[in-house]
Amino acid sequence: MTRYVVWRIFYALVVIWAVTTLVFFMLRAVPGDPFAAMLADVDPAAADELRAKWGLDRPAYVQYFLWLGRLLQGDMGNSIYGSNVAVSRIISEAFPRTMSLAFIAFSLSLLLALTAGVISAIRKHSWLDHTVTIAAFLGLSMPDFWLGILLIILFAVNLHWLPAIGYVSLSEGFWPWLSHLILPAIAAGTPFSAIIARMTRSAMLEVLQTEYIKVARAKGLDEKTVILVHAFRNALIPVITVMGIAFALLMSGTVIVENVFAIKGLGRVLIQGIINRDYPLVQGEILIVSVLFVFSNLLVDILYTVIDPRIRYVE
Amino acid sequence: MTESVKAVVDVERKSTAEPVSVAQRSRWLWARYLWRDKKAVIGLVVLVVMTLGALVAPYIATHDPNEQTPDFLEPPSIYHILGTDDLGRDLYSRIVYGARISLFVGISTVLLSAVVGVLLGLLSGYYGGWLDNLIMRYIDLQWAFPNFIIAVYLVAVFGTGLSNVIVAVTLAFLDDFARVVRAMVLSIREEEYVIAARSIGASDRRIQLVHILPNTMAPVIVQATVSISYAILAEAGLSFLGLGVKPSTPTWGLILSDSRTFISRGWWLAVFPGLAITITVLSINFFGDALRDILDVREKQVEGVQH
């Protein structure tokens with residue numbers, strides 16, 4: 001097990017290194033650097049001067065090793081656009097916003113999906129079950145950014161229940177923080193909920209057919225114990241298999257949903273960087289976003305063995 | 001699909017000794033199964049109507065999609081059935097034209113990525129060795145990220161614009177096809193009919209194209225259907241973020257993006273384009289679900305919930 005984890009961490013680091021390196025060189029191989037868009041037509045000399053100042057006139061591999069060297073010392077360079085702020089500062093400000101959003105989205109949608117999945121399995125073919133099925137289909141087909149806009153129109157603009165946009169940090173109070181995150185969390189978490197609810201339903205149905213459930217019922221256990229203790233825990237195993245995919249979907253949802261709700265998290269910063277072709281910012285962002293994805297995959301795989309002790313990885 | 005239909009399919013499969021490929025199966029049987037699945041029929045009808053609508057957009061649009069009229073932010077009425085935007089452009093006409101881009105990007109990217117992905121999977125699974133290693137390492141790299149994030153990374157590299165979006169989405173979906181086909185090829189390669197073909201001196205290319213490729217088609221078709229819906233969502237998402245087509249082009253994602261400015265004064269601008277995306281994607285998902293049942297492609301082969 002330890003060997004497996006160590007091997008996986010090593011592999012995760014290789015993936016992150018490969019992605020960031022690929023992006024670094026591809027950015028430079030494609031025409032149109034940050035200053036071309038800004039200045040080239042107006043003042044080519046000034047553009048060249050800026051390129052020299054930012055070191056973009058050097059060969060790509062020299063730039064790469066300089067970047068890597070600084071990165072290993074924790075320096076991601078400065079953002080070209082705006083006020084020359086350190087990329088690491090921009091990212092460390094954005095990070096808690098994205099994590100808060102992801103955390104709320106994950107908890108809300110997991111709770112909802114597991115409940116919906118279990119209930120629709122117990123009440124198979126009831127109207128409740130059909131509602132859950134239809135909702136799950138819709139949740140997978142609806143663009144998350146559209147759902148976000150609809151939520152704003154309904155709950156913020158018309159009902160005034162919750163704030164429409166923005167982010168308030170946790171240090172300014174729990175409710176202000178949470179209230180700004182509820183709508184974006186629903187928008188980002190819906191596809192996740194849909195997948196988990198469907199998987200929970202089919203896993204529960206399968207488990208409820210097994211012999212040990214019949215035995216549990218036959219020996220007179222009450223239905224609640226049968227469902228929650230005997231069936232649910234075993235039904236969780238296949239659910240965790242899709243958890244990785246579903247969680248990745250939730251994380252990529254936050255990228256887009258942050259832009260709907262004007263939350264300056266990692267996703268919004270990344271998109272801004274891409275639009276401005278702000279190389280240092282894009283490189284730093286892609287590094288962090290990749291770390292998040294790769295390590296959440298790893299976490300899910302490890303979680304898998306915790307839930308189901310029968311699974312042992314050999315490598 | 002109902003249980004009884006599934007049973008019929010099972011019986012039919014068991015009666016033939018060899019694995020049944022799409023090509024071998026009676027030509028119209030699958031259509032009959034499809035017809036019995038109400039969701040699939042609804043999905044298919046909606047898709048056909050949408051595609052036809054996109055093709056004849058100039059005839060069914062009531063206005064030029066970029067024509068500016070003095071009716072700014074008009075709610076739906078008989079003159080503008082879905083209302084107008086801040087520049088007085090007719091929303092219904094813009095959505096009709098938007099269908100062209102959405103469907104075009106969705107279908108073209110998936111076709112491209114299926115062709116390239118299938119080829120990679122075939123070569124990788126058939127030859128093995130360093131080629132397989134090289135291809136699989138790249139595929140693994142993509143596998144670590146959701147397709148949408150890969151598309152965003154690629155747009156970060158290539159820049160924005162319609163052609164770059166097509167390239168980005170095509171590359172982002174490649175790994176799914178390569179993976180599916182490679183896994184199939186690995187098992188088909190060992191089938192007796194392939195060994196028989198080889199023993200009578202069939203060339204590699206003949207074995208690949210005549211004996212292996214047709215047998216990988218069922219999961220590829222299902223994967224392609226699923227992928228089209230995700231490709232449409234990806235294009236809409238990229239346009240929405242300002243990474244897609246250039247501003248003022250009528251696309252569903254872009255109309256939605258612009259609608260945010262008028263969120264309290266023009267609900268129709270936000271509701272209808274989103275509804276267009278949802279209906280399209282939902283129809284494809286309905287159809288794809290039925291197709292998966294009929295072609296009996298197990299979830300293991302194709303990520304039903306693709307990320």
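Reply: Two residues are in contact if their C-beta atoms, placed from the backbone, lie within 7 Å. The model is predicted: local features need pLDDT of at least 70, side-chain atom pairs count only at pLDDT 80 or more, and totals for chains, interfaces and linings use all residues. Residues are numbered from 1 along each chain as its sequence is written, while chains are lettered from A and ligands numbered from 1 in the order in which they are written.

Now the contact itself. Chain A gives 38 residues and chain B gives 36 residues. On the side of chain A that touches chain B, the elements with two or more residues include helix 1 (2-29), helix 6 and helix 10. Helices here are DSSP runs (H or I, at least four residues), numbered from the N terminus. Helix 10 of chain A provides the largest share of that side, eight residues. By class, that side has 33 nonpolar, five polar and no charged residues. Ala, Val, Leu, Ile, Met, Phe, Trp, Tyr, Cys and Pro count as nonpolar, Asp, Glu, Lys and Arg as charged, and the others, Gly among them, as polar.

Next, helix 6 of chain A. Val132(A), Ala136(A), Gly139(A), Leu140(A) and Ser141(A) are buried there. Buried means that 20 or more other C-beta atoms lie within 10 Å of a residue's own. The buried residues of helix 6 of chain A pack against helix 5 (87-122) and helix 8 (174-208) of chain A, together with helix 13 (267-294) of chain B.

Last, Ala246(A). This residue touches Phe192(A), Ile195(A) and Ile196(A), leaving aside residues up to four places away in sequence.

Methods. Buried ≥ 20, exposed ≤ 12 C-beta atoms within 10 Å, placed from the backbone.
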